[in-house]
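Here is a short briefing on one protein model. Keep the structure in view as you read, and look up each part as it is named.

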Amino acid sequence: MNYLLSVLVENKPGVLSRVTGHISRRGFNIASLTVAPTEDASLSRMTIIVEADEIGFEQITKQLHKLVSVYKISDLTYEDAVERELVLFKVQSTPERRHEIIEIANVFRAKVVDVGKNTLTVEATGASSKLDAMEDLLRAYGIKQLTRTGKIAMARGSQ
């Protein structure tokens, strides 16, 4: 099962390595990882999707709590949370077919961020399922390059 963790850590060199090392040393796979500073420059938030069973997940969180540089761990797996991901698609595009790709982008509320001689680069954000559906449609045109961020998440409301 995939578990979604939001981990508040010190914004210092080596913290990312220690946190990911704790997870990987125990034989668990990190499916997605994003890290960025928060509103407080001394802290970073790590959003981690880890593949584990229930016992393994409990082991991971207990071990992470022992790290001095970890301030707070929030399990957002079953929480009501806002989740987003960003993807960039570089799509093969002849001038005659550009309007079709632009239409697909418009349907998904995505935007064209670069136009090349034979390519269009499209940026889209949203839930993973939305981005997967867009990817399926764009594959018919020939995706030359694709890059996705990891998922970011935040609990809804005042939590």
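The protein carries 21 positive and 20 negative side chains. The centres of these two sets lie 5 Å apart. Bear in mind that this is a predicted model.

**Overall build**

- The protein contains 4 helices and 9 strands.
- Starting at the N terminus, the order of elements is β-α-β-β-α-β-β-α-β-β-α-β-β.
- Along the principal axes, the C-alpha atoms fill a box of roughly 60 × 35 × 30 Å.
- Of the 159 residues in the protein, 41% are buried.
- Take the contacts between residues at least 6 apart in sequence: 71% of them join residues at least 24 apart.

**Surface**

- The protein exposes about 9300 Å².

**Helix H3**

- Helix H3 spans residues 98–107.
- Which residues of H3 are buried? They are Arg98, Ile101, Ile104 and Ala105.
- What covers the buried residues of H3? The cover includes three strands: E5 (81–92), E6 (111–115) and E7 (119–126). Helix H4 (128–139) is also part of the cover.
- Just after H3 comes Arg109, with a positive phi of about 55°.

- Why is E7 described as largely enclosed by the rest of the structure? The reason is that 6 of its 8 residues are buried. Here, buried means under 20% relative accessible area.
- E7 pairs with E5 in the antiparallel sense, over 8 bridges.
- In this pairing, look for Lys90, which stands opposite Thr121 in E7.
- E7 also runs antiparallel to E6, and 4 bridges join the two.
- Here, look for Val115, which stands opposite Leu120 in E7.
- How many residues lie between E6 and E7 in their hairpin? There are 3.

- Start at H3 and find Arg98, Ile101, Ile104 and Ala105, its buried residues.
- Finish at E7, which pairs with E5 over 8 bridges and is joined to E6 by 4.

Technical notes:
Residues are numbered from 1 along each chain as its sequence is written. This is a predicted model: local features need pLDDT of at least 70, side-chain atom pairs count only at pLDDT 80 or more; totals for chains, interfaces and linings use all residues. Side-chain values use heavy atoms; hydrogens and water are left out. Buried means under 20% relative accessible area, exposed over 50%, partly exposed in between (1.4 Å probe, protein chains only). Contact means heavy atoms within 4.5 Å. Accessible areas come from the Shrake-Rupley method with a 1.4 Å probe; for residues, only the protein chains shown count as cover. Lys and Arg count as positive and Asp and Glu as negative; His and the chain ends are not counted. The place of a charge is taken as NZ of Lys, CZ of Arg, CG of Asp or CD of Glu. Two strands pair if DSSP finds at least two bridges between them.
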